[in-house]
Amino acid sequence: MAKESLAVKYRPKTFDDMTEQSAIKDILMNQLETKTFQHGYLFTGPAGTGKTTSARIFANMINNGKGNPIEVDAASNSGVDNIRQIIEDAKRKPLDAEYKIFIVDECHSLSNGAWQALLKTLEEPPKFTIFIFCTTDPQKIPNTILSRVQRYNFQKISNEGIVERLEHICLTENSQDVNDPDLTDIGDIIRYPEALEYIAKVCNGGMRDAITLLDKCLSLSHDLTLENVLKTIGGEDYSTFIEFLDALEVREKETAIRIIEDVYNAGKDVKQFLKDFAKFILEVEKYALYKNFDYINLPNTLETELGRLIDNPLFDAEQALFATMDFIVSLNSQVKWDSDPKTLIELSILVYCGKEG
(Lines give C-alpha, C1' and ligand atoms only; values in the text may rest on other atoms or scores of the structure.)
Protein backbone atom coordinates (compact mmCIF):
# COMPACT_ATOMS: atom_id res chain seq x y z
CA MET A 1 0.00 0.00 0.00
CA ALA A 2 1.28 3.44 -0.93
CA LYS A 3 2.54 5.55 1.96
CA GLU A 4 0.48 8.61 2.83
CA SER A 5 2.46 11.75 2.02
CA LEU A 6 3.42 14.04 4.88
CA ALA A 7 1.73 16.98 3.11
CA VAL A 8 -1.59 15.13 3.24
CA LYS A 9 -1.03 13.60 6.67
CA TYR A 10 -0.24 16.95 8.28
CA ARG A 11 -2.71 19.12 6.39
CA PRO A 12 -4.28 21.36 9.07
CA LYS A 13 -7.75 20.38 10.24
CA THR A 14 -8.39 23.55 12.28
CA PHE A 15 -7.24 27.16 12.19
CA ASP A 16 -5.13 26.45 15.29
CA ASP A 17 -3.15 23.91 13.26
CA MET A 18 -2.34 26.47 10.58
CA THR A 19 0.97 28.33 10.55
CA GLU A 20 0.69 32.13 10.56
CA GLN A 21 -2.02 34.06 8.56
CA SER A 22 -3.25 35.24 11.98
CA ALA A 23 -5.16 38.31 10.74
CA ILE A 24 -7.16 36.26 8.24
CA LYS A 25 -7.90 33.57 10.82
CA ASP A 26 -9.06 36.19 13.34
CA ILE A 27 -11.49 37.79 10.87
CA LEU A 28 -12.94 34.46 9.74
CA MET A 29 -13.27 33.26 13.33
CA ASN A 30 -15.14 36.47 14.20
CA GLN A 31 -17.52 35.87 11.30
CA LEU A 32 -18.11 32.36 12.59
CA GLU A 33 -18.87 33.64 16.08
CA THR A 34 -21.23 36.36 14.84
CA LYS A 35 -22.63 34.33 11.91
CA THR A 36 -22.00 37.24 9.56
CA PHE A 37 -20.93 35.22 6.53
CA GLN A 38 -20.42 36.64 3.07
CA HIS A 39 -21.77 34.93 -0.03
CA GLY A 40 -18.49 35.35 -1.92
CA TYR A 41 -14.88 35.07 -0.74
CA LEU A 42 -11.61 35.30 -2.63
CA PHE A 43 -8.49 33.76 -1.09
CA THR A 44 -5.35 34.85 -2.96
CA GLY A 45 -1.65 34.33 -2.41
CA PRO A 46 1.39 32.23 -3.34
CA ALA A 47 1.16 28.44 -3.58
CA GLY A 48 1.32 26.52 -0.33
CA THR A 49 0.26 29.34 1.98
CA GLY A 50 -3.03 27.82 3.16
CA LYS A 51 -5.72 29.16 0.82
CA THR A 52 -7.54 25.94 -0.03
CA THR A 53 -6.89 24.49 3.42
CA SER A 54 -8.43 27.60 5.01
CA ALA A 55 -11.40 27.35 2.67
CA ARG A 56 -12.03 23.74 3.76
CA ILE A 57 -11.66 24.55 7.45
CA PHE A 58 -13.92 27.60 7.15
CA ALA A 59 -16.56 25.67 5.19
CA ASN A 60 -16.55 22.88 7.76
CA MET A 61 -16.94 25.32 10.63
CA ILE A 62 -19.74 27.25 8.92
CA ASN A 63 -21.77 24.04 8.71
CA ASN A 64 -20.64 22.73 12.11
CA GLY A 65 -19.06 19.67 10.52
CA LYS A 66 -22.20 18.68 8.61
CA GLY A 67 -22.13 17.91 4.91
CA ASN A 68 -19.15 18.55 2.68
CA PRO A 69 -18.19 21.56 0.59
CA ILE A 70 -18.38 21.06 -3.16
CA GLU A 71 -14.84 21.41 -4.49
CA VAL A 72 -14.37 22.48 -8.11
CA ASP A 73 -11.03 22.40 -9.92
CA ALA A 74 -11.37 25.35 -12.28
CA ALA A 75 -8.26 24.30 -14.19
CA SER A 76 -10.20 21.33 -15.63
CA ASN A 77 -13.71 22.84 -15.39
CA SER A 78 -13.15 26.28 -16.86
CA GLY A 79 -15.92 26.55 -19.46
CA VAL A 80 -19.35 28.17 -19.47
CA ASP A 81 -21.16 24.81 -19.41
CA ASN A 82 -19.27 23.74 -16.27
CA ILE A 83 -20.23 26.95 -14.49
CA ARG A 84 -23.86 26.71 -15.59
CA GLN A 85 -24.08 23.31 -13.90
CA ILE A 86 -22.66 24.86 -10.70
CA ILE A 87 -25.16 27.73 -10.92
CA GLU A 88 -28.07 25.31 -11.23
CA ASP A 89 -26.76 23.29 -8.31
CA ALA A 90 -26.36 26.46 -6.23
CA LYS A 91 -30.10 27.11 -6.50
CA ARG A 92 -30.99 23.87 -4.71
CA LYS A 93 -31.08 23.98 -0.93
CA PRO A 94 -28.68 21.53 0.73
CA LEU A 95 -30.25 18.54 2.48
CA ASP A 96 -27.50 17.75 4.99
CA ALA A 97 -26.25 21.21 6.04
CA GLU A 98 -27.38 24.80 6.50
CA TYR A 99 -25.22 26.18 3.68
CA LYS A 100 -24.20 24.88 0.29
CA ILE A 101 -20.55 25.89 -0.04
CA PHE A 102 -18.54 25.81 -3.26
CA ILE A 103 -14.74 25.94 -3.12
CA VAL A 104 -13.45 26.90 -6.57
CA ASP A 105 -9.71 26.22 -6.73
CA GLU A 106 -7.42 27.74 -9.39
CA CYS A 107 -10.31 30.08 -10.21
CA HIS A 108 -8.09 32.27 -12.42
CA SER A 109 -8.43 29.47 -15.01
CA LEU A 110 -12.12 30.24 -15.59
CA SER A 111 -12.89 31.71 -18.99
CA ASN A 112 -14.37 35.20 -19.36
CA GLY A 113 -17.63 33.59 -20.44
CA ALA A 114 -17.66 31.45 -17.30
CA TRP A 115 -17.15 34.51 -15.10
CA GLN A 116 -19.94 36.36 -16.90
CA ALA A 117 -22.26 33.43 -16.37
CA LEU A 118 -21.39 33.44 -12.66
CA LEU A 119 -21.80 37.18 -12.21
CA LYS A 120 -25.58 37.15 -11.75
CA THR A 121 -25.37 34.45 -9.08
CA LEU A 122 -22.75 36.45 -7.15
CA GLU A 123 -24.90 39.59 -7.41
CA GLU A 124 -28.06 37.87 -6.15
CA PRO A 125 -26.94 34.63 -4.49
CA PRO A 126 -29.36 32.19 -2.86
CA LYS A 127 -29.28 32.91 0.88
CA PHE A 128 -27.97 29.41 1.62
CA THR A 129 -25.09 29.49 -0.94
CA ILE A 130 -21.47 30.53 -0.33
CA PHE A 131 -18.65 30.64 -2.88
CA ILE A 132 -14.99 30.56 -1.83
CA PHE A 133 -12.61 31.20 -4.73
CA CYS A 134 -8.90 30.37 -4.39
CA THR A 135 -6.16 31.59 -6.72
CA THR A 136 -2.47 32.33 -7.05
CA ASP A 137 -3.18 34.73 -9.93
CA PRO A 138 -5.82 37.31 -8.91
CA GLN A 139 -4.96 39.77 -11.69
CA LYS A 140 -6.70 37.43 -14.15
CA ILE A 141 -10.04 37.78 -12.35
CA PRO A 142 -12.42 40.40 -13.83
CA ASN A 143 -12.98 43.56 -11.79
CA THR A 144 -16.72 42.91 -11.87
CA ILE A 145 -16.06 39.76 -9.84
CA LEU A 146 -13.50 41.33 -7.50
CA SER A 147 -16.02 43.98 -6.47
CA ARG A 148 -18.52 41.29 -5.41
CA VAL A 149 -16.36 39.14 -3.17
CA GLN A 150 -14.54 39.66 0.11
CA ARG A 151 -10.83 39.32 -0.62
CA TYR A 152 -8.16 37.91 1.69
CA ASN A 153 -4.47 38.06 0.74
CA PHE A 154 -2.44 35.17 2.13
CA GLN A 155 1.22 35.95 2.77
CA LYS A 156 4.23 33.71 2.29
CA ILE A 157 5.06 31.72 5.41
CA SER A 158 8.16 32.97 7.22
CA ASN A 159 11.24 30.74 7.36
CA GLU A 160 10.83 30.56 11.12
CA GLY A 161 7.24 29.41 10.76
CA ILE A 162 8.20 26.72 8.25
CA VAL A 163 11.07 25.44 10.43
CA GLU A 164 8.76 25.25 13.44
CA ARG A 165 6.20 23.20 11.49
CA LEU A 166 8.84 20.86 10.05
CA GLU A 167 10.26 20.34 13.54
CA HIS A 168 6.76 19.47 14.80
CA ILE A 169 6.29 16.95 11.98
CA CYS A 170 9.64 15.29 12.69
CA LEU A 171 8.94 15.02 16.41
CA THR A 172 5.47 13.59 15.75
CA GLU A 173 6.82 11.06 13.27
CA ASN A 174 9.42 9.97 15.81
CA SER A 175 6.79 9.37 18.47
CA GLN A 176 4.70 7.36 16.00
CA ASP A 177 7.74 5.24 15.10
CA VAL A 178 7.99 4.27 18.76
CA ASN A 179 4.30 3.47 19.16
CA ASP A 180 3.75 1.64 15.88
CA PRO A 181 5.43 -1.82 15.76
CA ASP A 182 5.35 -1.75 11.96
CA LEU A 183 7.54 1.34 11.95
CA THR A 184 10.11 0.52 14.61
CA ASP A 185 12.73 -0.44 12.05
CA ILE A 186 12.64 2.99 10.44
CA GLY A 187 14.58 4.73 13.18
CA ASP A 188 14.34 8.23 14.57
CA ILE A 189 14.57 11.30 12.39
CA ILE A 190 17.82 12.98 13.36
CA ARG A 191 17.41 16.69 12.66
CA TYR A 192 20.05 19.32 12.07
CA PRO A 193 18.95 22.97 12.37
CA GLU A 194 20.81 24.06 9.24
CA ALA A 195 19.00 21.38 7.20
CA LEU A 196 15.52 22.52 8.24
CA GLU A 197 16.50 26.17 7.78
CA TYR A 198 17.72 25.47 4.27
CA ILE A 199 14.54 23.59 3.33
CA ALA A 200 12.58 26.64 4.48
CA LYS A 201 14.74 28.99 2.42
CA VAL A 202 14.57 27.09 -0.87
CA CYS A 203 10.78 26.68 -0.59
CA ASN A 204 10.33 30.45 -0.63
CA GLY A 205 7.43 30.76 1.79
CA GLY A 206 5.47 27.73 0.58
CA MET A 207 4.59 25.35 3.42
CA ARG A 208 3.35 22.56 1.17
CA ASP A 209 6.57 22.59 -0.88
CA ALA A 210 8.62 22.50 2.33
CA ILE A 211 6.75 19.49 3.72
CA THR A 212 6.96 17.72 0.36
CA LEU A 213 10.73 18.32 0.25
CA LEU A 214 11.06 17.07 3.83
CA ASP A 215 9.21 13.91 2.81
CA LYS A 216 11.56 13.44 -0.13
CA CYS A 217 14.63 13.97 2.06
CA LEU A 218 13.39 11.37 4.56
CA SER A 219 13.01 8.91 1.68
CA LEU A 220 16.76 9.21 1.21
CA SER A 221 17.73 9.11 4.88
CA HIS A 222 16.31 9.81 8.33
CA ASP A 223 19.64 11.49 9.04
CA LEU A 224 18.38 14.94 8.07
CA THR A 225 21.67 16.70 7.39
CA LEU A 226 22.31 19.65 5.10
CA GLU A 227 24.41 17.36 2.89
CA ASN A 228 21.47 14.96 2.44
CA VAL A 229 19.08 17.83 1.74
CA LEU A 230 21.41 19.14 -0.98
CA LYS A 231 21.72 15.63 -2.39
CA THR A 232 17.95 15.30 -2.51
CA ILE A 233 17.45 18.63 -4.26
CA GLY A 234 20.00 17.69 -6.90
CA GLY A 235 22.31 19.91 -8.91
CA GLU A 236 25.84 20.87 -8.10
CA ASP A 237 27.01 21.19 -4.51
CA TYR A 238 28.11 24.61 -3.34
CA SER A 239 31.76 23.66 -3.12
CA THR A 240 31.78 23.37 -6.93
CA PHE A 241 30.11 26.75 -7.36
CA ILE A 242 32.53 28.37 -4.92
CA GLU A 243 35.53 26.89 -6.73
CA PHE A 244 34.14 28.01 -10.11
CA LEU A 245 33.48 31.54 -8.86
CA ASP A 246 36.94 31.67 -7.31
CA ALA A 247 38.51 30.63 -10.61
CA LEU A 248 36.59 33.22 -12.64
CA GLU A 249 37.31 36.02 -10.20
CA VAL A 250 41.07 35.47 -10.46
CA ARG A 251 40.86 34.54 -14.18
CA GLU A 252 42.25 31.05 -13.58
CA LYS A 253 41.18 29.39 -16.84
CA GLU A 254 42.65 25.94 -16.08
CA THR A 255 40.42 25.42 -13.04
CA ALA A 256 37.33 26.93 -14.69
CA ILE A 257 37.66 24.69 -17.77
CA ARG A 258 38.27 21.62 -15.60
CA ILE A 259 35.04 22.25 -13.69
CA ILE A 260 33.03 22.49 -16.93
CA GLU A 261 34.69 19.27 -18.11
CA ASP A 262 33.81 17.54 -14.84
CA VAL A 263 30.18 18.63 -15.07
CA TYR A 264 29.94 17.47 -18.68
CA ASN A 265 31.69 14.14 -18.07
CA ALA A 266 29.35 13.43 -15.16
CA GLY A 267 26.49 13.50 -17.67
CA LYS A 268 25.04 16.74 -16.35
CA ASP A 269 23.51 19.55 -18.39
CA VAL A 270 26.08 22.35 -18.71
CA LYS A 271 23.33 24.84 -19.57
CA GLN A 272 21.56 24.03 -16.32
CA PHE A 273 24.86 24.28 -14.45
CA LEU A 274 25.33 27.79 -15.83
CA LYS A 275 21.77 28.81 -14.89
CA ASP A 276 22.20 27.47 -11.35
CA PHE A 277 25.56 29.19 -11.08
CA ALA A 278 23.95 32.52 -12.07
CA LYS A 279 21.49 32.11 -9.17
CA PHE A 280 24.39 31.32 -6.86
CA ILE A 281 26.26 34.50 -7.85
CA LEU A 282 23.13 36.54 -7.18
CA GLU A 283 22.92 35.12 -3.66
CA VAL A 284 26.62 35.83 -3.09
CA GLU A 285 26.12 39.45 -4.14
CA LYS A 286 23.12 39.75 -1.80
CA TYR A 287 25.29 38.41 1.01
CA ALA A 288 27.95 41.00 0.12
CA LEU A 289 25.29 43.71 0.47
CA TYR A 290 23.69 42.61 3.74
CA LYS A 291 26.44 40.57 5.42
CA ASN A 292 23.85 38.13 6.79
CA PHE A 293 21.62 35.29 5.60
CA ASP A 294 18.24 36.95 6.14
CA TYR A 295 17.57 37.53 2.46
CA ILE A 296 19.55 34.85 0.68
CA ASN A 297 18.80 31.25 -0.21
CA LEU A 298 22.12 29.78 0.87
CA PRO A 299 22.91 27.70 3.96
CA ASN A 300 24.44 29.55 6.90
CA THR A 301 27.30 27.06 6.92
CA LEU A 302 28.78 28.88 3.91
CA GLU A 303 29.47 32.04 5.91
CA THR A 304 33.24 31.50 6.11
CA GLU A 305 33.57 30.71 2.41
CA LEU A 306 31.40 33.64 1.35
CA GLY A 307 33.37 35.96 3.59
CA ARG A 308 36.57 34.80 1.94
CA LEU A 309 35.12 35.41 -1.54
CA ILE A 310 33.99 38.96 -0.91
CA ASP A 311 36.75 40.11 1.44
CA ASN A 312 39.77 38.84 -0.49
CA PRO A 313 42.60 41.32 0.29
CA LEU A 314 44.54 40.28 -2.83
CA PHE A 315 42.23 42.06 -5.28
CA ASP A 316 39.10 44.20 -5.55
CA ALA A 317 36.59 41.48 -4.77
CA GLU A 318 33.54 43.66 -5.42
CA GLN A 319 34.76 44.66 -8.88
CA ALA A 320 35.71 41.05 -9.66
CA LEU A 321 32.31 39.80 -8.54
CA PHE A 322 30.45 42.30 -10.72
CA ALA A 323 32.65 41.46 -13.70
CA THR A 324 31.91 37.76 -13.23
CA MET A 325 28.17 38.45 -12.86
CA ASP A 326 28.17 40.44 -16.09
CA PHE A 327 30.06 37.65 -17.88
CA ILE A 328 27.71 34.89 -16.67
CA VAL A 329 24.54 36.85 -17.51
CA SER A 330 25.83 37.43 -21.04
CA LEU A 331 26.97 33.81 -21.43
CA ASN A 332 23.60 32.48 -20.26
CA SER A 333 21.89 34.53 -22.97
CA GLN A 334 24.28 33.27 -25.65
CA VAL A 335 24.17 29.62 -24.69
CA LYS A 336 20.38 29.40 -24.34
CA TRP A 337 19.71 28.13 -27.87
CA ASP A 338 23.16 26.82 -28.78
CA SER A 339 23.29 23.21 -29.96
CA ASP A 340 26.86 22.77 -28.67
CA PRO A 341 26.81 24.68 -25.36
CA LYS A 342 29.97 23.11 -23.92
CA THR A 343 32.16 24.45 -26.71
CA LEU A 344 30.69 27.95 -26.44
CA ILE A 345 31.06 27.99 -22.65
CA GLU A 346 34.69 26.87 -22.73
CA LEU A 347 35.61 29.31 -25.52
CA SER A 348 33.94 32.13 -23.60
CA ILE A 349 35.80 31.19 -20.41
CA LEU A 350 39.13 31.24 -22.22
CA VAL A 351 38.39 34.66 -23.71
CA TYR A 352 37.16 36.07 -20.38
CA CYS A 353 40.09 34.70 -18.38
CA GLY A 354 42.50 35.99 -21.00
CA LYS A 355 41.36 39.55 -20.46
CA GLU A 356 42.84 41.81 -17.83
CA GLY A 357 40.69 42.08 -14.71
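**Exercise 1. Determine whether Cys107 is buried or exposed in this predicted model, and settle which disulfides the cysteines form.**

*Solution.* Step one concerns accessibility. Cys107 has a relative accessibility of 0%, and therefore counts as buried, the limit for that class being under 20%.

Step two applies the distance rule. A disulfide requires two cysteine sulfur atoms within 2.5 Å. By this rule, the count of disulfides is zero. For Cys107, the nearest cysteine sulfur belongs to Cys134 and is 7.2 Å away, and Cys107 is in no disulfide.

**Exercise 2. State which residues of helix H10 are buried, and explain why they line one face of the helix.**

*Solution.* Step one is to list the residues. Helix H10 covers residues 226-233, and its buried residues are Leu226, Asn228, Val229 and Thr232.

Step two is to view the helix down its axis. The buried residues fall within an arc of 160 degrees, so they line one face of H10. Glu227 and Lys231, on the other side of H10, are exposed.

Step three asks what covers the buried residues. The cover includes helix H8 (193-202), helix H9 (207-220) and strand S7 (223-224).

Step four looks past the end of the helix. Gly234 follows H10, and its phi is positive, near 90 degrees.

**Exercise 3. Classify the ring pair formed by Phe244 and Phe277, and identify the parts of the chain that it ties together.**

*Solution.* Step one is to recall the description required. A pair of aromatic rings is described by the distance of the centres and the angle of the planes.

Step two supplies the values. The ring centres of Phe244 and Phe277 are 4.8 Å apart and the planes stand at 65 degrees; the pair is therefore edge-to-face, since planes over 60 degrees apart fall in that class.

Step three places the residues. Phe244 belongs to helix H11 (residues 238-249) and Phe277 to helix H13 (residues 270-290), so the pair ties together parts that are 33 residues apart in sequence. Phe244 counts as buried, at 0% relative accessibility, and Phe277 counts as buried at 0% as well.

Step four widens the view. The whole structure holds 23 aromatic pairs. Ring pairs also link Phe37, Tyr41, Phe43, Phe58, Tyr99, Tyr152 and Phe154 into a cluster.

**Exercise 4. Identify the ring over which the charged end of Arg251 sits, and the ring whose face Lys342 lies over.**

*Solution.* Step one: the charged end of Arg251 is over the ring of Tyr352, 4.0 Å from its centre. Step two: Lys342 lies over the face of Tyr264, at 5.1 Å from the ring centre.

Methods: Residues numbered from 1 in each chain as written. Predicted model: local features only at pLDDT ≥ 70, side-chain atom pairs only at ≥ 80, totals over all residues. Heavy atoms only, no water. Buried < 20%, exposed > 50% of the residue type's maximum accessible area, 1.4 Å probe, protein only. Helix = DSSP H or I, 4+ residues; strand = E, 2+ residues; numbered from the N terminus. Arc of directions from axis to C-beta. Contact = heavy atoms within 4.5 Å. Phe/Tyr/Trp six-rings, centres within 6.5 Å; stacked < 30°, edge-to-face > 60°. Lys NZ or Arg CZ within 6 Å of the ring centre and 35° of its normal.
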